[in-house]
Amino acid sequence: MDAMVLAAMAKWPNVPAVYGWLRLDARGQWWLDGTRVEHAGLLDFLQRNYARDGLGRYYVQNGPQKVYVELDAAPFVARHAPVGWSLTPPCEEAVPRAAFLSDDGDLYLEMAGELARLDDRDWAMLAECLVDEQGRPAGEAALADFQAGRGALALQLPEGDLALERTELEALIARYGIDCTPQPPDGACVPTPGAGR
C-alpha cells in the first residue's frame, strides 16, 4: 500500500467503511458509482491499494477509509498472452496452480492462492490448450461431455498440466472464502468515500 495511505490509517483509525460504491467487473474493469474508471492515475491507485480482509471481502484502502469492492465474478481477472499470464489487479505471482470450469462455462484459475476468472476474450485461445485423458486435443464434443459430467480434461500449459475440475460457481466462491457483495453491519451508517476526514 502507498505510504500516504498507511499514514492516513494511523492518523484516522476509525473512519467508517464504504459499501456499494466500487465494483470490479468480470473483465477486470473498475466502476465507481456506476461509471467506468478510465483515469490512469485513479486506476493505478485502486490497483496498488487493493487488499482482502479476514472475512473474504476485498477493498481499496482510500486513505483511512476502506472502500469495499463488489465483485462481478472473482477478485482477480486473468489474461493469457504468449509471454505469460497477467492479473488484474496485478499480483506478484501470476502462475496457475489449479483450474476450474464453472457450471456457466467460465474458466477460473488459482494463482498465488487467489481465485481469478479468465477474461472471456482469452477463452478461445486457451481452449486450444485443452486435452482429453489421452493427451489429445479436446474438441467441442469432449468439452460438452466434460460439462455434462463425463470424462476428464486438462489444460496443457507451458507452466505444466492442470487437471480441470467441474464446479458450481457458488461452491467455488465458498471454497475460496470470497464475499462478492460486502454489506455494512446492521444499523451502520454508510458514508460516501472521503467522508469523515
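**Charged pairs and their setting**

Reply: Asp132 is buried, with a relative accessible area of 16%, where buried means under 20% relative accessible area, exposed over 50% and partly exposed in between, with a 1.4 Å probe and protein chains only. This is a predicted model, in which local features need pLDDT of at least 70 and side-chain atom pairs count only at pLDDT 80 or more, while totals for chains, interfaces and linings use all residues. Residues are numbered from 1 along each chain as its sequence is written, and side-chain values use heavy atoms, with hydrogens and water left out.

The side chain of Asp132 forms a salt bridge with that of Arg136, at 3.0 Å from N to O; a salt bridge here is a side-chain nitrogen of Lys or Arg within 4 Å of a carboxyl oxygen of Asp or Glu. Arg136 itself is partly exposed, at 47% relative accessibility. Elsewhere, salt bridges with shared partners tie Arg27, Arg79, Asp119, Asp120, Arg121 and Asp122 into one network. The structure as a whole holds 14 salt bridges.

Helices (H or I, at least four residues) and strands (E, at least two) are DSSP runs, numbered from the N terminus. Both partners are partly exposed, Arg27 with a relative accessible area of 36% and Asp120 with 38%. In the other pair, Asp119 and Arg121 form a salt bridge at 2.6 Å, N to O; Asp119 is buried at 0% relative accessibility, whereas Arg121 is partly exposed at 42%.

The chain has five helices and 14 strands, and 43% of its 197 residues count as buried. Eight of the strands form an open sheet of mixed pairing, in the order β8-β7-β11-β10-β9-β14-β13-β12; two strands pair if DSSP finds at least two bridges between them. At the edges stand β8 (84-88) and β12 (130-131), each with a single partner strand, so one side of each has no neighbour in the sheet.

Within that sheet, β9 (residues 96-102) and β14 (residues 160-167) run parallel and are joined by four bridges, with Ala99 opposite Leu164 in β14. On the other hand, β13 (residues 154-157) runs antiparallel to β14, again with four bridges, and Gln156 has Asp161 in β14 as its bridge partner. The strands β13 and β14 form a hairpin with two residues between them. Helix α4 (residues 140-147) lies across β9, β12 and β14, at about 50° to β14; contact means heavy atoms within 4.5 Å, and axes are lines fitted to C-alpha atoms, for helices over the stretch in contact, with angles from 0 to 180 degrees between N-to-C directions.

Trp30 and Tyr50 are edge-to-face, at 5.5 Å centre to centre and 85° between the planes, and they bring together strand β2, which holds Trp30, and strand β4 (residues 50-52), which holds Tyr50, 20 residues apart. Rings of Phe, Tyr and Trp (its six-membered ring) pair if their centres lie within 6.5 Å, and planes under 30 degrees apart count as stacked, over 60 as edge-to-face and the rest as tilted. Trp30 is buried at 1%, and Tyr50 is buried at 12% relative accessible area. The rings of Phe100 and Tyr176, with centres 6.1 Å apart and planes at 80°, are likewise edge-to-face; Phe100 is in strand β9 and Tyr176 in the segment after α5 (169-175), 76 residues apart. Both Phe100 and Tyr176 are buried. Finally, Trp30, Tyr50, Tyr58 and Phe76 form one aromatic cluster.
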